[in-house]
Structure formats: C-alpha cells, structure tokens
Number of protein chains: 2
Amino acid sequence: VRTIRLTLQYDGTDYAGWQRQDNARSIQAIVEDAIAEIEGKPVTVMAAGRTDAGVHALAQVASVRLAHGIACDALVRALNARFPHDIRVTGAAEAEESFHARFDAVGKLYRYRLLLDPVASPFERRFVWHVARPLDLARLDLASAGLVGTHDFAAFQGSRSAVRTTVRTIVSAEWAIEPASPWSSRVAVFSIEGSGFLRHMVRTIVGTLLEVEGGRRPAEEIAGLLRARNRTRAGPTAPARGLVLAAVRYPGERPSELGQGR
Amino acid sequence: VRTIRLTLQYDGTDYAGWQRQDNARSIQAIVEDAIAEIEGKPVTVMAAGRTDAGVHALAQVASVRLAHGIACDALVRALNARFPHDIRVTGAAEAEESFHARFDAVGKLYRYRLLLDPVASPFERRFVWHVARPLDLARLDLASAGLVGTHDFAAFQGSRSAVRTTVRTIVSAEWAIEPASPWSSRVAVFSIEGSGFLRHMVRTIVGTLLEVEGGRRPAEEIAGLLRARNRTRAGPTAPARGLVLAAVRYPGERPSELGQGR
C-alpha cells in the first residue's frame, strides 16, 4: 500500500465545502469517487483543511492510501480527466506511508480578498467580498498585529465546533493591496499564517477587523476579545467567497507561498 | 429625449453573445429589459462591439435614448440592482443626442488571454484558452507585426458575415506575459487595437498565430494570408472564452487602457 500526497485547487463556489455530506455536493466526494474509480474500491481522502461551503483552495493538500500502482503523473492526468473544471489536482507525489495531510500539517496560510471598487467586477465576483470602499490598511495592520502570537482564539470560533483546544499560534497577519490585475480591480488581501485555525476563525477575524477599521471598535479591541474568549463579542463572519486556503506547511518545509509570485 | 452612454462589464460565459436572439440568453436583452423597466416602455441599446457567445467585456460601450429623467449615478445603481452578477454597468453619462456607440466608435482594443500552466486553474478557466505549454513570444510578436497597418482581412473573417468592406486598420498587435496573479497562473496576453474588427477576426488571428508559433506555418505566412484573402487558408478559430473587449475609442479620445493599470 502506497500513500499519495495530492495538491488540489478548487473554486469552492458551487460546493458545500470539503467534507463529504449526505445531501450536498462536496469536494471530498468528488475526489474520493474519482480515485475510487482508479483503485477499484472506495477510498478515504484526508485534506489538510476542511474548508467550508464556498471557500476556495489554491494549494489544498490531501492524502490517500492506494494499492493501485499508477504512476503519479498518470494519476494527475486521470483525476483531472474525471474532475469537474472547478476542481484540479496540480500535483501528486509518493509520501511516507504514515503521512496524513491533516494530522501532520504544522502550518496553514489563508488569504482573504476584499474588492474595494464601487462596482463588483463580474470577473472577481466569485473570489472576493465586495466591500465597495477604500480601506485604511495601516489601521488594519495595527489591529491585526494583536493577533500574532499564541492565544486562545475561542472568541473567533464558529458555532458547531468540537475541538480539543482553542489555542492557536499565528505567525503573521498582514494586509496588502494586490498588484494590478487584468480586470483592473482594486483588491485588498489579508494574509494570515498560523499553526492551525478554528472553524470560521479567519472569516470572524476579518469581520471584526473591518469593524475596527470602520471606527466601530478601538484598535486595542482585538487583545480584549482574545482575553474575553466570548464569541458573541466578536464581529460578524465575513462571507466565504473571499477566503482561499493558499498553502499548507509540513515539518521541515517552508510554506509554499503560492500566489505570491511564480 | 436624452442619449446616455453606458460602460458595461460582463463575464460572457453564460450568454449567447451581445445581440438579442429569439431562443437564447443575450447581454442586450438583459440590458434592454432592465432599462425598459425604468423607462416604462421598450428601449433599444446599441453596443460598440457585438461580442460573440462566450466573449467577455471589460469596458463595452453602449448607447440608449431615454425620456426618463433619472440621474446617471442613480441609473447605475438601479441597473446593477436589476442585472445578474455577471453583468455590471460601471458608468453612465449624458452624451450628445446623436451619439451612437457602434457607428461613432473609431477604435477598439481586444485582449486574448492564453493560460500556459500545465493544469488549468479553476480560477482562470472561464477567461482563458488553456494551451498548456510555454509560448515563444518573440516569434509571436514577429508574426503579429505583419498585421499592423491597413489590410483586407477577408482571410480572417468568420462565416455568416455581411459587411460592406473587409478592410481594417490595425494600430498595434503585441504579446506579453501578464503580471503575477493571485492565482499564480502564467498567462500570455495578445493585445490588438484597431479601427474595427470582422466577425471572429481576433480569434482566427490568434488561432493562426499559434500555428506559426508552433512551427506549422512560417512567420511570413501572415502577409501571404492577407494577400490571398481566403478564409480556408487561415488557422482555426481560438475559443471564445479567452477573448475580452477591453476598450472602445471615440473621436478625440484615447483608448481607456482599462486593465493595464489603475
């Protein structure tokens, strides 16, 4: 039995998220069903991040155990031939037999994209939150700095969570304006890298930071929210469409920084 | 009666093109129906370029005559509230009463985007032709230079055309690699600006240029095709999805160069 490490991209717009569900279309079901056709029997595919409904991935990592001897490059071609166009596998590689995409991950990089233009570009609409106003990035950076470090992020956790601990380590949290796009849209992007993330954590952080930016909360509020550990005091959850799982890091690896350059 | 000049963006993927048709969804029908709701009676909207099925627009220009006194900024909001998300109006302005978006246009800028990455990005898939290989841009530029000037483009005209003349003037035709995108995709872009374009002209030019690039035709072939004026000798028509009407120019205006910067 081999363990294969897959790198996946998807436009999450038309999916109920990564995780297989009974009555909804999931990325996991598509990926598992395509691999099962090759393997000749059902398989389980584990992903580093169980992205929510509507959330995208630029470099999701997944692991699967296979008995079939198909070469990795042939597997990439065979899966892309079976997947719908909004899901692609960009790489497959042999991994150590014990490799588990979720349990072995030591870091993740998420990006949250906000469209500042007054009118929402038809070309960006699936991949941004349209805030339709300029943003004070200096104020956002100042407030975001309070997130860096090891904290209890219970205040930023979505409901329906059952996790062992709500303590996570954030190594960077920064705002930038994206370079000019072919669609000439002005997009702000929040990049946050950490040891792991609670359910809805990035989206709740973005929703809260925008209230700080708009002046409805003081910049020091983030520290207070972390101390209070009370979800009802944080801001609204930003829409899923702006969120992208950009990279996953494993022991001995640097984050792949996909999307930063080529 | 006022004449209003509209600037429109659309993702053409799910449309049969600009022009209203009996049994297909068109951009024109959506725009006319939304304006008719405001005007209180049917209107005719003329566009600078009658983009084909699947072709996009970053700055299509359209004109309409209105009796209603709605302010231009209110018209923008009212139309965007009625349009589906893949069509947006980015601007509306009073024009001279005689202004006609199609007949008055003196230049158009089209872009054709080609995705070079081996795997087709789910984020770019609606807006590129996936050629999945590197391209020799120097060779493409050399061949494209033969298009510049005033020529009879009958060889690059699609079928089902009924135009007075097939002579057009091309002022520039250039290849470039797009700046890094958030999706880290490598995209080549062909920008062609001219006095006007025949049906399928840009797509047939791109299909032919790619045969030159791949070595199946000599670089000098373009001049020969223009002389021969025979469509059957030109290359295949590149897919609609890669084509974008980027800007339209009117007398006394420079092309707006939307998409080049901010």
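In this predicted model, 100% of the interface residues of chain B are also interface residues in chain A, so the copies meet through the same surface.

The geometry of the pair may be considered next. Chain B is superposed on chain A by a rotation of 180° with 0.0 Å of shift along its axis, and the RMSD is 0.0 Å. Such a relation is that of a two-fold axis. In chain B, B:Ser181 has the C-alpha nearest the axis, at 3.4 Å from it.

Rolling a probe the size of a water molecule over the atoms shows where empty space is left. Two cavities of 30 Å³ or more are counted in the model.

The largest cavity holds about 90 Å³ of space. It is lined by 13 residues, of which A:Glu124, A:Trp183, B:Glu124, B:Pro182 and B:Trp183 are the closest to its centre. By class, the lining of the largest cavity comprises eight nonpolar, two polar and three charged residues.

The second largest cavity contains about 40 Å³ of space. From chain A, A:Pro182 and A:Trp183 contribute to its lining. From chain B, the lining of the second largest cavity includes B:Leu58, B:Arg111, B:Arg113, B:Glu178, B:Val189 and B:Val244. This lining divides into five nonpolar and three charged residues, with no polar ones.

Definitions and conventions. Residues numbered from 1 in each chain as written. Chains lettered and ligands numbered in written order. Predicted model: local features only at pLDDT ≥ 70, side-chain atom pairs only at ≥ 80, totals over all residues. Heavy atoms only, no water. Least-squares fit on C-alpha atoms with pLDDT ≥ 70 in both. Contact = heavy atoms within 4.5 Å. 1 Å grid on protein atoms, 1.4 Å probe; cavity = no way out; pocket = protein on both sides within 12 Å on 5 of 7 lines; lining within 4 Å. Points joined across faces, edges and corners; volume = space filled by probe spheres on them. Nonpolar A, V, L, I, M, F, W, Y, C, P; charged D, E, K, R; others polar.
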